Amino acid sequence: MTVAAWTRSDGDGPHALFTGGVHGDEYEAMAALRALIGELASRTIRGRVTIIPVANAPAFDAACRTGPDGMDLARTFPGKTDGTVTERIAAELTEHIRSADFYIDLHSGGASYFVYPLVGYTLHPDARVLAAQRRMARAFGLPLIWGTDPRLNGRSLSAARDAGVPAIYAEYLGGGRLSDAGVRAYMRGCRRVLAECGLIGDDGEREPDGSLSQGRMVEDAREGSGHLQTRHTAPIDGFFEPRARLGARLGPGEPLGEIVDALGTHRITIPAAHGGAVIAIRALPRVARGESVGVVLDEIDGREPLELPEWPRDPL
Ligand SMILES: [Zn+2]
């Protein structure tokens, strides 16, 4: 198993690694990284850049989040060289991650979810790594910057954490579609991180006042923060009908959506478990019991209400 990687080096400098398609149904990252390869072909790179647009080719081939063994690549790191197909891909990607000085892993909500555009990182115990991750995340330039529990395992960022490699990830919509605004935001974010890390010249993608545009930064060190799939789970099988808009602020108990059965006789409201901003909402109408229908970013006690900015949207 060899993961298809593009790499280029023009001399001494750090090594930056980009991956997309860790989940096979997340298309913004794949398109943005493919375009980035084309752009970087004509630029001077002070160091080395490795780009893997489709990290999980068997899952992409099946247009699914996971590969044919049913394992979630983002729960399989560091993987096994003699394991299943997903475990072998994880092992190969882990070697790439260990060889990097900076790592950027791009995602989206896949076929099942829309995710508010955000860039995330672990609250790494090593202050040097954490400072680099905060810098990269700010440079990437999405409206939410989210630092979370560093103890989660199995992720690409867990492999980076264990290797002491500064790493960030990003999310932008999803729903099994390809957002042009997401592709543009990802390309710009990747260029800005490369410039921040000294690999390419500054593209002049700063705000008119010379600063990088700032997203809203939220850091949450509580156990399990950043794990999206366990929130607001469906109590029954059925159709999910969203009642809240992505990015909107909900008070505690306000409806995130409803689940209705085939005949429309049973209808259950899923209330927000706490106040906060909707950062993920189910895109796929079919929902099975136990699956998440959405994620509300907690308002942490004592902090101001969480109002998220608008984000660049696609024209209809
Ligand atoms: Zn993903």
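Me: Before we start, buried means under 20% relative accessible area, exposed means over 50%, and partly exposed is in between (1.4 Å probe, protein chains only). What is buried in α4?

Reply: Val129, Leu130, Ala132, Gln133, Met136, Ala137, Ala139 and Phe140 are. This is a predicted model, where local features need pLDDT of at least 70, side-chain atom pairs count only at pLDDT 80 or more, and totals for chains, interfaces and linings use all residues. Residues are numbered from 1 along each chain as its sequence is written, and side-chain values use heavy atoms, leaving out hydrogens and water.

Me: How do you know that the span of α4 agrees with what a helix should have?

Reply: The expected span is 1.5 Å times one less than the number of residues. For the 14 residues of α4 (residues 127-140) that gives 20 Å, and the end C-alpha atoms are 20 Å apart, so the two agree.

Me: Why is the pair Glu39 and Arg191 called a salt bridge?

Reply: The rule wants a side-chain nitrogen of Lys or Arg within 4 Å of a carboxyl oxygen of Asp or Glu. Here the N to O distance is 2.8 Å, so the pair qualifies. Glu39 sits in helix α1 (residues 27-40) and Arg191 in helix α6, 152 residues apart.

Me: What makes Arg191 buried or exposed?

Reply: Its relative accessible area is 14%, so Arg191 counts as buried. Glu39, at 26%, is partly exposed.

Me: And why is Arg282 called buried or exposed?

Reply: Arg282 has 5% relative accessibility, so buried is the word. Its salt-bridge partner is Glu291, at 3.0 Å, N to O. Glu291 has 32%, so that one is partly exposed.

Methods
Helices (H or I, at least four residues) and strands (E, at least two) are DSSP runs, numbered from the N terminus.
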